[in-house]
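Please load the model in the viewer and keep the selection panel at hand. The stops below are taken in order, each with a selection and a description of what is found there.

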Amino acid sequence: MSKNTTICRCSDISKEEIRELISQGYTTLEEIKRISRAGMGPCQGRTCGQLILREISSITGKKMGELENFNNRPPAIGIKISDIVKGAEENGKNC
Ligand code: FES
């Protein structure tokens with residue numbers, strides 16, 4: 001994998017950029033996420049999370065098992081249309 005390899009496709013962040021952040025002292029996935037937006041794309045880090053952890057592990061010498069993954073924060077919860085209609089009917093409104 002070259003230094004120009006894209007690690008986070010959603011946010012277009014390269015391996016070199018991730019390694020630079022780690023060398024600046026951002027050594028957790030959450031710190032890297034907040035400073036670079038890696039892991040905030042549509043896949044929510046499913047693609048890049050493990051790759052970033054591997055870079056953190058290789059630079060800091062920590063084992064992969066010692067590193068914390070992203071905190072899962074789903075952007076939204078699906079709501080059935082029938083539940084919306086039911087709620088409107090209960091409040092005396094027509095849909
Ligand atoms: S590849 Fe990083 S958030 Fe999708």
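**Stop 1: the end of α2**

Select R37, the residue that follows α2 and has a positive phi, near 75 degrees; helices here are DSSP runs of H or I of at least four residues, strands are runs of E of at least two, and both are numbered from the N terminus. The model is a predicted one, in which local features need pLDDT of at least 70 and side-chain atom pairs count only at pLDDT 80 or more, whereas totals for chains, interfaces and linings use all residues. Residue numbers start from 1 along each chain as its sequence is written.

With 14 C-beta neighbours inside 10 Å, R37 counts as partly exposed. On this scale, a residue with 20 or more other C-beta atoms within 10 Å of its own is buried, one with 12 or fewer is exposed, and one in between is partly exposed, the C-beta atoms being placed from the backbone.

Next, select Q44, which lies in the loop between α2 and α3. Q44 is not a glycine, yet has a positive phi of about 55 degrees. Q44 counts as partly exposed, with 16 C-beta neighbours inside 10 Å.

**Stop 2: helix α2 and its partners**

Which residues of α2 are buried? Select L29, I32 and K33 to see them. Viewed down the axis of α2, these buried residues fall within an arc of 105 degrees, so they line one face of the helix; the arc is that of the directions from the helix axis to the C-beta atoms. They pack against α1 and α3, contact being defined as C-beta atoms, placed from the backbone, within 7 Å.

Now display α1 together with α2. Their axes come within 11 Å and cross at roughly 115 degrees; axes are lines fitted to C-alpha atoms, for helices over the stretch in contact, with angles from 0 to 180 degrees between N-to-C directions. The contact is made by E17, I18 and L21 of α1 and by I32, I35 and S36 of α2. By class, this contact has 4 nonpolar, 1 polar and 1 charged residues.

**Stop 3: the nonpolar core**

Select I7, I18, I32, A38 and I52, which touch the most other members among the 13 residues of the largest nonpolar core. Such a core is a set of buried Ala, Val, Leu, Ile, Met, Phe, Trp, Tyr and Cys residues joined through C-beta atoms within 7 Å. The elements that give two or more residues to this core are β1 (6-8), α1 (15-23), α2 (29-36) and α3 (49-60).

Centre the view on I52, in helix α3. I52 is buried, with 27 other C-beta atoms within 10 Å. Not counting residues up to four places away in sequence, I52 touches I7, I18, L29, I32 and A38. Under the same exclusion, I32 touches I18, L21, Y26, A38 and I52.

**Stop 4: helix α4**

Finally, select residues 81-90, helix α4: of its 10 residues the number buried is 0, so the helix lies largely in the open. E90 lies in α4 and counts as exposed, with 8 C-beta neighbours inside 10 Å. End at G92, which follows α4 and has a positive phi, near 75 degrees.

Conventions
Contact = placed C-beta atoms within 7 Å. Nonpolar A, V, L, I, M, F, W, Y, C, P; charged D, E, K, R; others polar.
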